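Biologist: I've just opened this one and could use a hand reading it. Can we go through it together, one question at a time?

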Amino acid sequence: MNKKSPAYVLAFMAAICLVFGAAIAVVNYATLGLLAKNEALHRNTVWCRAFLLPVAGNAAEDYQRAVDENLVPLTLQDAAGEIKGYRRITPGHEAVGFLVGGLGFWDRIEAAIVLTPDLREVINLQFMDQKETPGLGARVTEEWFTDQFKGRIVDWDGPADARLIVGPAPNPQAANRVDGITGATQTSMALARFLNSELNRIRALLPAALATAAAAPATAGESTLPQEP
Amino acid sequence: MASSYGKILKDGLVTENPIFRQVLGICSALAVTNLVTNTLYMGFGVTFTTALTSFTIALLRNYIPVRIRMIVQVIIIAVYVMVVEILIKALAPDVHRFIGPYVGLIITNCIIMGRAEAFASQNKPLPSLVDGLANGLGYTSVLVAIAVIREIMSFGTVLGYKLPALDLWWHPWTIMVMPPGAFFMLAILTWMARARLVKEVK
């Protein structure tokens, strides 16, 4: 067949698309299980760290078991959308945790924030996803930064945009303040912005959600991820 | 017809290095070189894509209609890039979280199409595979050199391992984390390479 003829060109393109499209489909299908497992492991790891859960080992099953045995899914809903999270019902370690997010310097940041059930104290904060500048904004994931949130007292009596303060404040010793990151002012400000906004939403929605949960109590261990957020 | 495999390798790695000599693939050289680990994965992605794209195009070169050859090349490049992205996502999810957006951009890396047009479309599959491999490795070697210097200056580490007696001599150099740091390093290394390593063709 003449290589310049339209029929040849069309047939060649169709064949190329078919063969290479099939190849991609095969590779994608072959790795689907691994991708799902990686994603579940990442999420479970973040939640275990955020809730400070004891984990028996480093295997994916260990993290899954820790989540299943200690946490119960909890979802808040308002007109702006859902806030997914968990509550920990282990006696003496009761806590609620939510996946909160907002626009960072480059892209959306998602973090798991865990608080006492009365929302007075932050138990921990861990990042689920961020695409900030490595070495600058991405340092929010470093332990020295996230550890600062442990034990911070949320200021529910102050301004709505200063429940938690990230960076400089008139009172550097304030119980609701953590240090920002040098060279990543925009990331620090973005973090403070969405944390405060989401904390206000959580406070408005949590009582009703807990009342509903109390009416139909769930037992840890019955939760079946992938219902996880 | 291509000359010996040794010359093809030498051309890709040194004499006609895609970054120093052809000034191709500069965007990713700036974007991913702040950590050596990220750079190695990016280098793997580009080398894998360049080698297999060149091989495939050389294999099909007698059948590809000239009028649509660039469309075909883009399709082939895109397929291999998608394979690389899926593999990195599956095997190294933590790395993918950092360099994911840049892996997709390998499709637009000029080195791959440059080698497809300049070499693979006129040569047999095996020399084309070696040419793609050599150019990918040439690109990777320059990026790793930049990344090692940037990571040391930015974090005091190499591949995440802290250098000895860090507190005594090291101070974080913030600009090295940012794209301007890569510009400076790339310019200095290119100058050194062109002055010392590459013999100018007169």
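Modeller: Let's start with a term: a salt bridge is a side-chain nitrogen of Lys or Arg within 4 Å of a carboxyl oxygen of Asp or Glu. This is a predicted model, where local features need pLDDT of at least 70, side-chain atom pairs count only at pLDDT 80 or more, and totals for chains, interfaces and linings use all residues. Residues are numbered from 1 along each chain as its sequence is written, chains are lettered from A and ligands numbered from 1 in the order in which they are written, and side-chain values use heavy atoms, with hydrogens and water left out.

Biologist: What area is buried between chain B and chain A?

Modeller: Chain B brings 30 residues to the contact and chain A brings 26 (contact means heavy atoms within 4.5 Å). Buried area is the accessible area (1.4 Å probe) that two parts lose on being put together, summed over both. Carbon and sulfur atoms give 78% of that area, and the total is about 2400 Å².

Biologist: Which helix gives the largest share of the side of chain B that touches chain A?

Modeller: Across this interface there are four residue pairs in polar contact, both residues at pLDDT 80 or more. On the chain B side, α3 (36-60), α4 (69-91) and α5 (93-104) each supply at least two residues; helices (H or I, at least four residues) and strands (E, at least two) are DSSP runs numbered from the N terminus. Twelve residues, the largest share, come from α4(B).

Biologist: And how many residues of that side of chain B are nonpolar?

Modeller: For the classes, Ala, Val, Leu, Ile, Met, Phe, Trp, Tyr, Cys and Pro count as nonpolar, Asp, Glu, Lys and Arg as charged, and the others, Gly among them, as polar. On the side of chain B that touches chain A, four residues are polar, four are charged, and the nonpolar count is 22.

Biologist: Is Arg115(B) buried or exposed?

Modeller: Find Arg115(B) in helix α6 (residues 110-118) of chain B. Among the residues that Arg115(B) touches, leaving out those up to four places away in sequence, are Gln22(B), Thr50(B) and Ser54(B). Buried means under 20% relative accessible area, exposed over 50%, and partly exposed in between (1.4 Å probe, protein chains only). With a relative accessible area of 13%, Arg115(B) is buried.

Biologist: How many residues apart in sequence are the parts tied together by Asp131(B) and Arg115(B)?

Modeller: The two side chains meet in a salt bridge, 2.9 Å from N to O. Asp131(B) sits in helix α7 (residues 125-155) and Arg115(B) in helix α6 of chain B, so the pair ties together parts whose separation in sequence is 16 residues.

Biologist: Over in chain A, which residue forms a salt bridge with Arg65(A)?

Modeller: The closest N and O atoms of the pair are 3.3 Å apart. Both partners belong to helix α2 of chain A, and because they are three residues apart there, about one helical turn separates them.

Biologist: What is the phi of Leu119(A)?

Modeller: Most residues other than glycine have a negative phi. Leu119(A), in the loop between β4 (108-115) and β5 (122-129) of chain A, is not a glycine, yet its phi is positive. Leu119(A) is buried at 5% relative accessibility, and its phi is about 65°.

Biologist: Where does Leu52(A) lie?

Modeller: Leu52(A) also has a positive phi, about 55°, although it is not a glycine. At 45% relative accessibility, Leu52(A) is partly exposed. Its place in chain A is the loop between α1 (6-50) and α2 (60-70).

Biologist: Last one: which residue is the bridge partner of Asp78(A)?

Modeller: Strands β1 (residues 71-78) and β2 (residues 81-88) of chain A run antiparallel and are joined by eight bridges; two strands pair if DSSP finds at least two bridges between them. They form a hairpin with two residues between them. In β2(A), the partner of Asp78(A) is Gly81(A).

Terms used
Polar contact = N/O pair within 3.5 Å; in protein donor to acceptor, adjacent residues only side chain to side chain.
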